[in-house]
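Welcome! Take a look at it, then read on.

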2 protein chains.
Amino acid sequence: MLNSALIHQLRAIVGDRYFRDDKEALIAHSYDGTPMLQALPDGVVYPENTGQVAEIMKLLAACKVPLVSRGSGSNLCGGTVPVEGGVVMVMHRMNRILEIDQENLTAVVQPGVITAEFIEHIESFGLFYPPDPGSMRISTIGGNIAECSGGLRGLKYGTTKDYVIGLEAVLANGVIIRTGGKLMKDVAGYDLTKLLIGSEGTLAIITEATLKLVPPPKSKKTMLAMYRDLYGAARTVSRIIESRIIPATLEFMDNPTIRVVDDFAKLGLPLDMEAILLIEQDGDPETVERDIERIRQICELEQADRVEVAATREEAEKLLTARRSAFTALARLRPTTILEDATVPRSKIADMVLRINEIARKHNVTIATFGHAGDGNLHPTATTDARDHEEIERVERAFEDIFEAAIELGGTITGEHGVGLVKAPYLEWKVGTAGIELMKGIKRAFDPDNLLNPGKMFAKETRKRVVIDHG
Amino acid sequence: MLNSALIHQLRAIVGDRYFRDDKEALIAHSYDGTPMLQALPDGVVYPENTGQVAEIMKLLAACKVPLVSRGSGSNLCGGTVPVEGGVVMVMHRMNRILEIDQENLTAVVQPGVITAEFIEHIESFGLFYPPDPGSMRISTIGGNIAECSGGLRGLKYGTTKDYVIGLEAVLANGVIIRTGGKLMKDVAGYDLTKLLIGSEGTLAIITEATLKLVPPPKSKKTMLAMYRDLYGAARTVSRIIESRIIPATLEFMDNPTIRVVDDFAKLGLPLDMEAILLIEQDGDPETVERDIERIRQICELEQADRVEVAATREEAEKLLTARRSAFTALARLRPTTILEDATVPRSKIADMVLRINEIARKHNVTIATFGHAGDGNLHPTATTDARDHEEIERVERAFEDIFEAAIELGGTITGEHGVGLVKAPYLEWKVGTAGIELMKGIKRAFDPDNLLNPGKMFAKETRKRVVIDHG
């Protein structure tokens, strides 16, 4: 509960309309895109500018009230659930594109800009911003920065961290800092810009970002390759990269995903395939033609059962629909959909998919897997029912085994979704106790009173690692 | 002075041969590539493997003896001068390429590998590692990581930080950590990999690195454009980028540099030009042809006096020689050469060059400027004489004004050389007092006793900013 003096002061900063503590507002900000997590905040504040953010933080720091900053809350790690109460700060009013600089190929934006709207806007200038998370129609750039979001174009173009070159942020004590700038190179001290990207709102509140833009590719081609043999699909991924081609997109769907997607989108996909790869290449027309032809040869060499290259943009859109509707199609099956994010070196994809299937069988749960094959970033997705506690427990044990398998294969517990609440108990598995201690030290340097998004990233207790029974 | 028990223990770890405290060894490791800086260490140690590094650090931490880790010491910021004495750790014995993974396009290397040798080695596999600092024939990958080195290919391909995806490092207390991995995506906690890159040996000792490799470009073309008007050259840089072409290389030399280079290398450069741009594009042949033709048109539109496109690789090498010999040619002029690293948004290059010339005149010093125009990363270079204290003082005041001018134009005090000792008094100008405090907090989290490369990055006193007299 916030005391009335504090509420009065918060209202004085943002105006009556922009502080709310009615039940509706509290409930609306008690959860995010992650299933089965909920915690009520004590208030919700909607700042209009950086000055207000700084004033709010000074006030909250004085009273030691926690703050969770958020955009649309589309994250999948419980990153914006206010587990320790306090104030939720919604950045949606700070949603302006402040500048497009065509000489330096940079944009300056506020954190509340919707990702897809930003991309459309800069495309109208003939420019390109590659990070395209699945949530891009609702997610904000600020949220993308907090989570270091990836997307379908990550293989060739990298993720959010490769495009953020400067930040303005407000610290827990209300001090405003600026990092980087419109600079392609800057080694003045430790790289605070990259440190804040992916820090999940635990180090500072991002109030402005300078983004690097790139020239758009001149053309693009899309193809699907279908396999009866999972390893054929996996070998295709490795062979493409080994032949020195980096496709813009190289996505994977397993058989359970194919079945569900086809049932949902009526695409006429062959239901007896073990794997489908969706491949796109972009660039200059000659390069695209050559790469796609070479990729087709590789697919055939690896015994793809069918290869379809889209002749038109409409055909390409139809092929893309298969992959894009994976989550939606799976979400229809049962009341609760849990999308995970285990990531392995790309050479280990087939091994990882087989391990996932083995683990799903062992725990008697339904898991379909799709994801960014070129990045080794898989999304094993459980369809379940939050009301069935016994089943949920089995799902959780299965994901625990999946994280362990990813680490065993040289991978990580999260490729693009973040740690948040959901993966905090497993962080130590990847970074070790020394890594956790360093990260806690960094957290203390930024936020000594643990006011910013408390309870995230660092778990009270690390899960014990169990030896997986491969038998 | 190290006590004899400690020396005995160090010898026990590495073997008698690999600990030295004779005068010759101490003097040889008392300086680096930076002029006018020298401080004797108390001992020099050459570890063979990570285990030895860890044991050495445990020992030094127990005795609170400082340690400076270094490769070839080719840095230009005084980064490896042992200003607080202690032990210098030379990484040259840890110089193996441990793995080239063609499926994942990664390499695993020890820190002492020479950059150019690594590049040649992976090129023999048909792979590409873009960071190519000027010092690459002598610098080590570990040193490049410590400084986040750039190079001529930075504009299109980025710098060292874009290619390091995993690290093994030893902390000040001797604990070994591992960050990242063979993973194109990993958001498990704060990005310690990127934090260690460019941390100049102040946070940990890098003992192994996982590097991302990319497919090599299939072809390359090189051209020179010469201008009587500095702004014509600067506008060409902006126009090329605005027309959505990112060249592989886009380098600049001003008139004083042109004169000295031509005198040195006898290239027949026109001495009455105000600026020369060296431009390279690489990629698929059709793209390269098209881009180079378009760039030629832009150069002519911006009143380039002469444009030369190399028809053969030999001709290209000749054009490249002009830029590559800039530092060597300038270094011949007078006993002391001070190469600086001010960086601005690329749209501000002409303004910055004019400011540099104005500042040089004001302080009556000789400064020639060349550098990476596409990155806005300029190398104003003073030719002077360390024995003339009065002149050196003027040079230092000039550089102080240059740093201030860079910051005023939205730039930074260092683009690729690092802060080290030389720019520590100016770091606050770029990052602010809050930025310095955060960085010191990070330093404490890693190295609470300030044992790793003490005296670097953080100055005892920040220089006062003076208002530049533009009159």
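Residues are numbered from 1 along each chain as its sequence is written, and chains are lettered from A and ligands numbered from 1 in the order in which they are written.

**Lys443(B)**
- Lys443(B) counts as buried, at 7% relative accessibility; buried means under 20% relative accessible area, exposed over 50%, and partly exposed in between, with a 1.4 Å probe and protein chains only.
- Leaving aside residues up to four places away in sequence, Lys443(B) touches Tyr190(A) as well as several residues of chain B, including Thr202(B), Leu203(B) and Phe458(B); a contact means heavy atoms within 4.5 Å.

**Ile176(A)**
- Strand S8 of chain A, residues 176-180, contains Ile176(A).
- Ile176(A) is partly exposed, with a relative accessible area of 42%.
- Among the residues that Ile176(A) touches are Thr50(A), Ala54(A) and Glu168(A), not counting residues up to four places away in sequence.
- From Ile176(A) to Ile27(A) there are 149 residues in sequence and 30 Å in space, C-alpha to C-alpha.

**Chain A as a whole**
- Chain A has 15 helices and 16 strands, which are DSSP runs numbered from the N terminus (helices are H or I, at least four residues; strands are E, at least two).
- The radius of gyration of chain A is 23 Å, close to the 23 Å that the globule rule gives for 471 residues, so chain A is as compact as a globular protein of that length; the radius is taken over C-alpha atoms, and the rule is 2.2 Å times the number of residues to the power 0.38.
- Along the principal axes, the C-alpha atoms of chain A fill a box of roughly 70 × 55 × 40 Å.
- Of the 471 residues in chain A, 63% count as buried.
- Of the contacts in chain A between residues at least 6 apart in sequence, 72% join residues at least 24 apart.

**Confidence**
- Chain A has a mean pLDDT of 95, and 99% of its residues reach 70 or more; pLDDT is the predictor's confidence in each residue, from 0 to 100.
- Residues 467-471 of chain A have pLDDT below 50, and this stretch has ten contacts in the model beyond near neighbours in sequence.
- Where pLDDT is low, the predicted coordinates should not be read in detail.

Key: This is a predicted model: local features need pLDDT of at least 70, side-chain atom pairs count only at pLDDT 80 or more; totals for chains, interfaces and linings use all residues. Side-chain values use heavy atoms; hydrogens and water are left out.
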